[in-house]
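Welcome! Let's get to know this protein together, one question at a time.

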Amino acid sequence: MLAPLIFDKKQKEKITQLAIEKVPKEKDQLYAFEIDWVIVESNDIIEAKLKPWISSKIKEFLGDEEPDLVDFVLHLIREKKTPQEIEKSPLSEVFESELPDFVFKLWRLFVFEILLVRTISGEIQKKKKKKKKKTLR
């Protein structure tokens, strides 16, 4: 991602805040969010952002690292399962009543990361337009 190279700390904070504000807070809206798989794949969001979070939450919940379980959750995401399908998966046997909360938080992170890429792209475009206007003067 280009953000660290193009934006200073204050700008990165602003961009992050803009992305956070765009994440739906209601479950129905969050789960209805259309996943942009091009952004997900081209920015390696699953491996770079979701995997560490999932690993951490599973270790927190079960008290130990469970690489196979992490891989299973990642597999469900890569298979483009909806949050509702993930909640009905065999994960319910492991997480029991905690699964809906886990999936909700996971999906918020997933949507945030997509929106962050979109927001960064938008801010880069704004910078390019400003720069172009300056050179035309």
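Q: How many helices and how many strands does the protein chain have?
A: This is a predicted model, so everything below is read from a prediction. Along the sequence, the chain follows the pattern α-α-α-α-α-α-α-α-α. The count is nine helices and zero strands.

Q: What box do the C-alpha atoms of the protein chain fill?
A: The protein chain has 137 residues, of which 36% count as buried. Taken along the principal axes, the box filled by the C-alpha atoms is roughly 65 × 30 × 25 Å.

Q: Which helix gives the most to the lining of the largest pocket?
A: The pocket holds about 180 Å³ of space. Its lining consists of Trp53, Lys57, Glu60, Phe61, Phe95, Glu98, Asp101, Phe102 and Lys105. The top contributor, with four residues, is H5.

Q: Which residues form one aromatic cluster?
A: The members of the cluster are Trp53, Phe61, Phe95 and Phe102.

Q: What span does helix H6 reach from its first C-alpha to its last?
A: H6 covers residues 67-78, twelve residues in total. At 1.5 Å a residue, 16 Å is expected. The model comes close to that, with a span of 16 Å.

Q: Why do the buried residues of H6 line one face of the helix?
A: The buried residues of H6 are Leu69, Val70, Val73, Leu74, Leu76 and Ile77. Looking down the helix axis, they line one face because they fall within an arc of 155°.

Q: Which exposed residues does the face of H6 turned away from its buried side carry?
A: The buried side of H6 includes Leu69 and Val70. On the face turned away from that side, the exposed residues are Pro67 and Asp68.

Q: Which residue takes a positive phi just after H6?
A: H6 runs over residues 67-78. Just after this helix, a positive phi of about 60° belongs to Lys80.

Q: Why is the pair of Tyr31 and Phe104 tilted?
A: Rings pair if their centres lie within 6.5 Å, and by this rule there are six aromatic pairs. Planes under 30 degrees apart count as stacked, over 60 as edge-to-face and the rest as tilted. The ring centres of Tyr31 and Phe104 are 6.5 Å apart, and the pair is tilted because the planes lie at 50°.

Q: Which helices do Tyr31 and Phe104 lie in?
A: This pair links distant parts of the chain, 73 residues apart. Tyr31 also counts as buried, at 10% relative accessibility. Tyr31 lies in H3 (residues 27-32), and Phe104 in H9.

Q: What is the angle between the planes of Trp107 and Phe110?
A: Trp107 and Phe110 both lie in H9, three residues apart, about one turn of the helix. Both are buried. Their rings are 5.2 Å centre to centre and form an edge-to-face pair, with the planes at 85°.

Q: Is Ile20 buried or partly exposed?
A: Ile20 has its place in helix H2 (residues 9-22). Buried means under 20% relative accessible area, and exposed means over 50%. At 35% relative accessibility, Ile20 therefore counts as partly exposed.

Notes
Residues are numbered from 1 along each chain as its sequence is written. This is a predicted model: local features need pLDDT of at least 70, side-chain atom pairs count only at pLDDT 80 or more; totals for chains, interfaces and linings use all residues. Side-chain values use heavy atoms; hydrogens and water are left out. On a 1 Å grid over the protein atoms alone, a cavity is a set of points where a 1.4 Å probe fits but cannot get out, and a pocket is an open set with protein on both sides within 12 Å along at least five of seven lines; lining residues have an atom within 4 Å of a point. Grid points are joined across faces, edges and corners, and a volume is the space filled by probe spheres set on the points. Helices (H or I, at least four residues) and strands (E, at least two) are DSSP runs, numbered from the N terminus. The expected span of a helix is 1.5 Å times one less than its number of residues. Buried means under 20% relative accessible area, exposed over 50%, partly exposed in between (1.4 Å probe, protein chains only). The arc is that of the directions from the helix axis to the C-beta atoms.
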